[in-house]
Amino acid sequence: MSSTREKRELYEAKQRAVKYYNENGVPKKIEEIMNSMFYDNPPDVYGYLSKYFESLAKPPTVSKITARQAYDSKGQPTVQTEVYGTVKNEDKLLYTHVSSTTNSSLLDNVRVEEREVDDQQRQENISAAINILNSDINNRIHATDPTQQDEVDRVIMKLYEELKVIEDERLAKEAEEMIKEDGESSHREDDKASVASGKKGKNSANASPKKKGKSQTAVYVPDEPKEKLICGSNAFTAISQATCCAAAQVKHIDIYEHVACLRHGEIPEKFSVPLPMVTIIQSGRAAPGKLNCVKEFMVIPKHDMPLKKSMTYIQQIYNYVAKQFFAKGGTATKLVNDIGAMCPTFDKAEQGLDLLQEAITNCGLTVGEDFFIGLNCAGPEMFDYEKGKYEVMVGIAKVADDLVEFWCDLLTRYPSIIAIIDPMRKQEEEHWMRLCDKISDRCLVIGSRAYHRPGLLKDEELTDNFKSSGIAFKLEQLNTVSDILTCVKKMEEDDNQIVMSSCQGETTDTFLADFAVGVNARFIKVGAPVRGERTVQINRLLQIEEQLEMKDKLKPLEPNAFPHIAPPPLPEPEEGEGNAQPEEEAKKDGKKK
């Protein structure tokens with residue numbers, strides 16, 4: 001009796017197995033691969049089978065996000081994010097990403113009290129970001145496909161908007177309570193003041209008013225109010241980048257290939273390696289000396305020079321400059337800042353430009369042909385809000401009109417300068433466009449702080465009132481991969497060159513280098529050619545260049561293009577005004593006749 005039952009159970013199990021395998025198409029797939037393998041005759045039979053069945057497996061999905069505090073190159077706290085995924089029925093670590101630190105708005109020479117406040121805010125922001133990643137974001141993107149970057153970024157940005165509403169409501173409630181408390185205290189102060197004025201009598205009314213000083217309020221276009229982000233906002237760019245890297249791991253391709261696939265829909269046949277914008281000298285308001293109008297002196301190789309060759313020259317240029325400083329001022333002059341640049345005492349921009357040109361020539365190169373110069377002007381930093389002018393050098397302030405002429409004169413005397421970043425504030429639209437009209441046919445005018453973050457820029461309309469030759473993007477704050485990709489396409493269509501720029505507090509993560517290659521950026525701004533967190537980007541680019549050469553997939557960059565940027569046309573005259581002539585012009589026309 002028991003044997004009969006066992007036979008029946010075995011028969012039913014076989015029937016269920018047949019049904020299970022047929023529903024999943026297993027017999028058919030096995031038959032196909034067996035026939036195919038026989039004709040292909042692979043040397044590794046089980047490797048062949050493994051690759052085939054892996055292609056039939058379900059796509060990996062995100063199973064867990066973990067975040068913890070790490071540290072950047074400056075010893076500041078940052079976020080380390082780990083993405084786990086379900087791969088072939090198992091949970092595996094897909095990628096570990098260490099984010100770059102958000103750039104501080106403070107200069108290096110601020111007071112200790114301000115620096116302490118900034119450090120405290122940074123720590124609060126990092127702690128909040130870690131909490132958001134381990135809780136809300138972990139729950140929201142669970143079971144999502146990491147290769148679907150748009151969907152991941154849409155989910156996390158929807159979460160951000162929800163958290164922003166909650167934060168705004170909290171702040172509004174606090175503001176109402178403060179107004180209420182201030183109103184009650186002001187009533188008490190008014191009562192005290194009325195009693196005091198009654199005691200003073202009429203003599204107080206005859207008191208002579210205080211004389212006003214000669215100082216006048218500076219007139220200028222004010223800056224836009226700074227966007228208020230929620231505490232922990234850098235969690236969103238951290239998870240966006242980490243997911244992008246995890247997707248490349250899942251697809252068994254390099255990160256730059258995955259980024260290119262996100263942008264173009266497929267992996268391109270050829271890739272180009274961006275030109276390095278390498279900082280040799282840093283000056284500006286935070287540095288010693290009187291020079292304020294140039295924050296970074298950078299060197300840029302010509303478009304068709306291989307990266308391997310150009311980096312050899314860049315190191316020679318850097319070492320030559322270091323030796324010159326050492327010969328004049330000793331060891332202290334060779335000390336470098338957070339991005340690895342040397343910070344000498346300069347009083348004029350010509351000092352840095354002459355030294356770079358001398359260093360380039362010393363390498364046997366031709367200035368303006370083999371190597372060029374780029375300037376990061378950091379216009380907003382040299383603007384004196386009390387005077388309403390740009391303090392190009394200590395004691396020398398210029399209005400926007402004069403600043404345009406200042407840059408035009410400098411570029412005329414130094415034609416090797418092919419790029420300037422943020423020559424003035426974006427609020428000076430008319431003067432910015434006037435500068436572009438005069439120099440854009442020989443020098444790129446690049447905006448870094450001149451545009452809103454990608455999440456806002458992608459929905460903004462580009463007008464003729466404000467244009468640029470290039471735009472610099474940074475992987476920080478709320479800048480998701482999808483938003484940057486959208487803006488890269490948008491700005492390229494508007495004749496802008498793309499610059500991928502590093503942050504102040506970088507880490508040894510090389511996502512920036514891969515991303516720059518993937519989006520086909522024209523330049524990559526990494527800082528100086530020293531310090532591990534800087535050279536790791538260059539080393540990754542060298543590795544990518546060699547890989548592309550071996551695969552015959554390396555495409556040289558096109559020659560530098562400088563599309564002319566003209567100011568917007570004047571508005572057409574209203575009806576009835578088109579034929580009107582000034583009185584003097586009418587008289588001249590009459591004399592000619």
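The largest cavity in this protein has a volume of about 90 Å³. By cavity I mean a set of points, on a 1 Å grid over the protein atoms alone, where a 1.4 Å probe fits but cannot get out. Points are joined across faces, edges and corners, and the volume is the space filled by probe spheres set on them.

Before going on, the basis. This is a predicted model, where local features need pLDDT of at least 70 and side-chain atom pairs count only at pLDDT 80 or more, while totals for chains, interfaces and linings use all residues. Residues are numbered from 1 along each chain as its sequence is written, and side-chain values use heavy atoms, leaving out hydrogens and water.

Back to the cavity. Its lining, meaning residues with an atom within 4 Å of a point, has 15 residues, and Ser 100, Gln 241, Leu 475, Glu 506 and Leu 512 are the closest to the centre. β3 (90-98) and α15 (511-518) each give at least two lining residues. Helices here are DSSP runs of H or I with at least four residues, strands are runs of E with at least two, and both are numbered from the N terminus. By class, the lining of the largest cavity has five nonpolar, eight polar and two charged residues. Asp, Glu, Lys and Arg count as charged; Ala, Val, Leu, Ile, Met, Phe, Trp, Tyr, Cys and Pro as nonpolar; the others, Gly among them, as polar. The whole structure has two cavities of 30 Å³ or more.

Now β3 itself. It pairs with β2 in the antiparallel sense over eight bridges; pairing requires at least two bridges found by DSSP. Val 83 is opposite Tyr 95 in β3.

A pocket is an open set of points with protein on both sides within 12 Å along at least five of seven lines. Sixteen residues line the second largest pocket, with Asn 24, Phe 53, Leu 56, Ala 57 and Lys 58 nearest its centre. Eight of the lining residues are nonpolar, five polar and three charged.

Last, the overall picture. The protein has 17 helices and 14 strands. Of its 593 residues, 44% are buried, that is, under 20% relative accessible area with a 1.4 Å probe, protein chains only.

How values were computed: Buried < 20%, exposed > 50% of the residue type's maximum accessible area, 1.4 Å probe, protein only.
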